[in-house]
Every structure is written in C-alpha cells, then in structure tokens.
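Here are some friendly notes to read alongside the structure. Keep the 3D view open and find each element as you go.

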Amino acid sequence: MTTRRKLLGAAGAAAIATLCATQAFADNVTLKMHQFLPAQANVPKLILDVWADKVEAASGGEITIDHYPSMQLGGKPPELMDQAIDGVADIVWTVVGYTPGRYPSTEVFELPFMMTNARATSHALWEMFDRHMKDTEFKDVKILGTWVHGPGLIHTSDPVETPGDLQGMKIRGGGRLANSLLTQLGATPVGMPVPAIPEGLSKGVIDGTTIPWEVTTALKVPELVENHTEFTGKALYSLTFVLAMNKEKYESLSDAQKKAIDDNSGLEFSVFAGGVQEDSDGPAREFALDNGNNVITLDQDQTTEWRNLSQPVYDTWLADMAEKGIDGQGLLEEATYLIEKYTPQYVK
C-alpha cells in the first residue's frame, strides 16, 4: 500500500499535488479475468479482450484487467462460477451449463431448435435474465453479459444425415439438454469441457462432438474429423454463457469505475458478444471446406424430422422445472416470443 507523506511549509502547493497523485494511484484497481479457452480463440480475442480494453479506456486508466486464459489461475472449467463467487478471480467467462441444474432458468435457451440467430437469442436471454434471474439464481454474482453462440451442429468421424446415423456413436455434448437430445437420438453422450475435445477425438474417446463452427478452428476439429452436419432454420441446440464478476469486488469500486464497467456491459454487450461468435462461424466453415471436409446441410424437411424427435427433451425439461417450482411453460413461451420478436431485427 502506498504511504502518504506529510509535507510542510513552503512545499504546501507541491504537497497538494503529491497527495492528489498518490490518491489517484491508490484508487487504481487491477481485476483478474479468468476463462477456459486459449488466448487465440475467438471469444478471448474478439470479445473478452475487446470488452476489457473498452473498460480500461472508459476508466481513464483506473482499471486494469489482467486476462488469464486456459484456466491459468487453476481449477477446472466447471469451477469458474465458484471462483467468481469466492473471489479466486474477479471476473470469469464460462458456459452456464458447466454447472448443470444450478441456473435452471437459463436452460430454456438451450432446448433443441429454439434459437434462430445469436443476436436475437442473446437479446432475449438478457431481457429474461434481467427480469427473472438477476435477483434469484444469479444473486451471488454481478452478471456483466449473457449470450449464446451461433447455431450448434454435429462434427463426426462418420457422416450423419439421419438421426439413425447417430446410433452407437459416442458424442460429446455441450450441456445437460444437449446430452438429453443425443440420448433421445440414439447416441451415447459424453460430458467433456471444450478444451478436452481435441484429445477426445484424437484418442477415439469420442466419435464426434456438438459445437458451433466458430471454435472448431482453434480446436483443430476439421483436422480430426471429416464430417459436419448442420441444420436449416432453427439450430440443433445452443449454449448460454455469462461474464460474471465477484459481487464484493464490484461494490468496492468507485462510482466512476462502476460506470466504466456498466457502460460497457449489459444488453448491448450481450448482443455484440453473441453476434461476434456467430459472425465467426463463416470463416471457420470455409476453413473446413478448404480442408476438403464433408459439410452436410439438412433441408427444412430433414430438420423437422430431428425436431419432432426432440419433443421428449421438452417434456422432461418441463417436468424438471415443475419439480423445482419453476414455471417452465411460462419461460418457454416468453423465450419463444422474444426470440421471434427480435429475429427480424437482427437478420442480415
């Protein structure tokens, strides 16, 4: 801690200047931001670092954000939310589904064939978070952003065109509902954090993975499997993300520092983040095509067949919500309405 010196006599004016400078220095804060992807992946490079730069600039240099990628502060990805709550890290970015059942209301956005595009769905998610989850499920943290990735799809060693092609395959699922969907379709779901996917594919622990296009390049997925199955219309699945901050750390900041964070967080940031992830799908898809891989695009009728088979996932989820005392049907209707409401706004 900086020690202030008392300056006397003719040095009064200099004393005031020195004390002001010392006070400014004392007010500066360094925040530790922790997440699970390598620094060169799209989310750290195009979203988290951009956000951190904007906050630092808005704070006039009073806030410095040190970024720790690839779990450099220790622990495993499912522990990130607790790290934010306990203060191991000041800010974390994580997949909400890494702690299944803990934030159940967010799962409405992870149901099969819900999302249209990432911007509209992220807009809807932030609204519903602000209305239903901020002071309940997420009351222990300060949420800075909530969003979803672009359309989720399947990447496999053998081609998948029909649900029957998944029979007997071991597929990494992105979350609880993605795993339920895989089971319903006849595959064996394997729980696995994103960073473990390359090793899982290379060693044959899994035959494929569900993941959006944008992260496949960083994980070398097109070099490990040759087939990619995508859907027409609404996406096979999506996952929800949060950028979360330790609540006590946020409250300890000055009003100006809080404003620097708040002005760069919330709805606009959430839509930006979801949009950046979806915009990164195209280049990654082109990389797979340039690599000579087989991209299978199912038409609307084929996609409808998969959607019809996913209905039991909805039924089970609604029953789970009822057991928790949550109005799942109400959440489903609201999410569907908001996604449909905002989709035209974000169609390019």
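1. Tyr 314, Trp 317, Leu 318 and Met 321 in α13 meet Gly 328, Gln 329, Leu 331 and Leu 332 in α14. Please keep in mind throughout that this is a predicted model.

2. How do these two helices sit relative to each other? Helix α13 covers residues 311-323, and its axis comes within 8 Å of the axis of α14, with a crossing of roughly 125°. That angle makes α13 oblique to α14. Sorted by class, the residues of this contact are six nonpolar and two polar, with no charged ones.

3. Now follow α14 to another partner. Helix α4 (residues 118-133) and helix α14 (residues 328-346) have axes that come within 7 Å and cross at roughly 140°. Angles over 145 degrees would count as roughly antiparallel, and α4 and α14 are therefore oblique to each other. Their crossing is right-handed.

4. Which residues make the contact between α4 and α14? From α4 come Arg 119, Ala 120, Thr 121, His 123, Ala 124, Glu 127, Met 128, Arg 131 and His 132. From α14 come Leu 331, Glu 334, Ala 335, Leu 338, Ile 339, Tyr 342, Thr 343, Gln 345 and Tyr 346. Together the residues of this contact divide into nine nonpolar, five polar and four charged. Look for Leu 331 in particular: it is listed in the contact with α4, and also in the contact with α13.

5. Next, turn to the strands. An open sheet is formed by five strands, in the order β2-β1-β3-β10-β4, and the pairing is mixed. The edges are β2 (63-68) and β4 (141-148), each of which pairs on one side only. On average, neighbouring strands in this sheet are turned by 20° against each other, with direction ignored.

6. Is β4 mostly covered or mostly uncovered? It is mostly covered, with seven of its eight residues buried. Helix α10 (residues 267-279) lies across β4 and β10, running at about 40° to β4. Helix α2 (residues 42-58) lies across β1 (29-34), β2, β3 (91-95), β4 and β10, and runs at about 165° to β2.

7. Another strand worth a look is β8 (residues 208-212). Five of its five residues are buried, so β8 is largely enclosed by the rest of the structure. Both of its faces are covered: Gly 208, Thr 210 and Pro 212 are buried on one side, and Thr 209 and Ile 211 on the other.

8. What does β8 pair with? Strand β5 (residues 152-156) runs antiparallel to β8 and is joined to it by five bridges. Strand β6 (residues 170-173) pairs with β8 in the parallel sense, over two bridges.

How values were computed. Residues are numbered from 1 along each chain as its sequence is written. This is a predicted model: local features need pLDDT of at least 70, side-chain atom pairs count only at pLDDT 80 or more; totals for chains, interfaces and linings use all residues. Side-chain values use heavy atoms; hydrogens and water are left out. Axes are lines fitted to C-alpha atoms, for helices over the stretch in contact, and angles run from 0 to 180 degrees between N-to-C directions. Helices (H or I, at least four residues) and strands (E, at least two) are DSSP runs, numbered from the N terminus. Angles under 35 degrees count as roughly parallel, over 145 as roughly antiparallel, 65 to 115 as roughly perpendicular and the rest as oblique. A crossing is left-handed if the near helix is turned anticlockwise from the far one by less than a right angle, and right-handed if clockwise. Contact means heavy atoms within 4.5 Å. Ala, Val, Leu, Ile, Met, Phe, Trp, Tyr, Cys and Pro count as nonpolar, Asp, Glu, Lys and Arg as charged, and the others, Gly among them, as polar. Two strands pair if DSSP finds at least two bridges between them. Buried means under 20% relative accessible area, exposed over 50%, partly exposed in between (1.4 Å probe, protein chains only).
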